[in-house]
Amino acid sequence: MKEIIFSDKFVKFNSKNTILIVKNFVKKDECYKIIDKFHAYKKKKVKKVTRIIPGKSKDWHSTDNLNSVSALYKRRRVRNNFTANLWSKRSFGEKKYLIKMEKELSKIYGLKKRNIWNVNDLYFIQGYVCHYPRGGGYIGPHSDVTFNVRNMTAIMLLSEKGKDYYSGGLKVKLNKKYINLDDHMEAGDVVVFNNTKRHKVDCIDPNIKKISFKSPKGRWMMITTVQRNYNIDPRRYSVTNQY
Ligand SMILES: [Fe+2]
């Protein structure tokens, strides 16, 4: 079995040691429009929260992890994160791309809808837009354990290595070695992998001395994954290697 499958659509694969890259899922100019919108949104005074609260009325809120070690996840990271509340009926343009990814994943993995949208369940689907700035945006190595609800994560790259940043990026560990996925992707491509496999985002352009959240350059992604409902069960699900 090949480690990376390239495809023009979502296809099911059963090996934990396989990664799927779906090419051209969304057009590049649409990706850059999303970046512009979220970059502008960053400048506003957005309410910052440290945990996801089901039933919130806003569609997106900022879980702002600038240079912090999250007490909840015990995971080191430097990034700017926006969380979508997919259950909300209010529409906020970019949510449609998350829903598009989620539909494809649900189709190939046959996930019951009941587990997706009901915020009163132990698990529900969450979406994020995330900026790893040049000058050191990163997340440390970890694996996400979702207790067999669905361990597949889909990540769409919104920006491009070699254009918006030059080194670092998403790495997933397969067969004892890390594979750098950003090297195989362009803006608008989606990667699907089993998130119980160790993964990390290596420092984005660490040679740049000053980290800049003010610049829209760097690595942007949109991600859909299964979220544990901490209001029902506060046990943490992430297993982390600290640096
Ligand atoms: Fe993760």
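Residues 24 or more positions apart account for 77% of the contacts in this chain with a separation of 6 or more; two residues are in contact if their C-beta atoms, placed from the backbone, lie within 7 Å. The model is predicted, so local features need pLDDT of at least 70 and side-chain atom pairs count only at pLDDT 80 or more, while totals for chains, interfaces and linings use all residues. Residues are numbered from 1 along each chain as its sequence is written.

Let's look at the overall build. The chain has 3 helices and 13 strands; helices (H or I, at least four residues) and strands (E, at least two) are DSSP runs, numbered from the N terminus. Of its 243 residues, 41% count as buried. A residue is buried if 20 or more other C-beta atoms lie within 10 Å of its own, exposed if 12 or fewer, and partly exposed in between.

Now step inside. A nonpolar core is a set of buried Ala, Val, Leu, Ile, Met, Phe, Trp, Tyr and Cys residues joined through C-beta atoms within 7 Å. The largest one has 47 residues, and among those touching the most other members are Ile 155, Val 190 and Met 221. Strand S7 (residues 152-157) gives this core its largest share, 5 residues. Leaving out residues up to four places away in sequence, Ile 155 touches Leu 170, Val 190, Val 191, Met 221 and Ile 223.

Next, visit Glu 3, in the segment before strand S1 (4-7). Glu 3 counts as partly exposed because it has 13 C-beta neighbours inside 10 Å. Beyond its neighbours within four places in sequence, its contacts are Asn 17, Thr 18, Ile 19, Leu 174 and Ile 179. The C-alpha atoms of Glu 3 and Asn 175 are separated by 9.2 Å, although 172 residues apart along the chain.

Two loops deserve a stop. Most residues other than glycine have a negative phi. Asn 24, however, has a positive phi of about 50°, and it lies in the loop between S2 and helix H1 (28-43). Lys 176 has a phi near 70° and is found in the loop between strands S8 (169-174) and S9 (177-180). Lys 176 is exposed because 5 other C-beta atoms lie within 10 Å.

Finally, consider confidence. The chain averages a pLDDT (the predictor's confidence in each residue, from 0 to 100) of 78. Strand S2 (residues 19-22) has the highest mean, 97, and strand S13 (residues 238-240) the lowest, 42. Over residues 48-57, pLDDT stays under 50. Where pLDDT is low, the predicted coordinates should not be read in detail.
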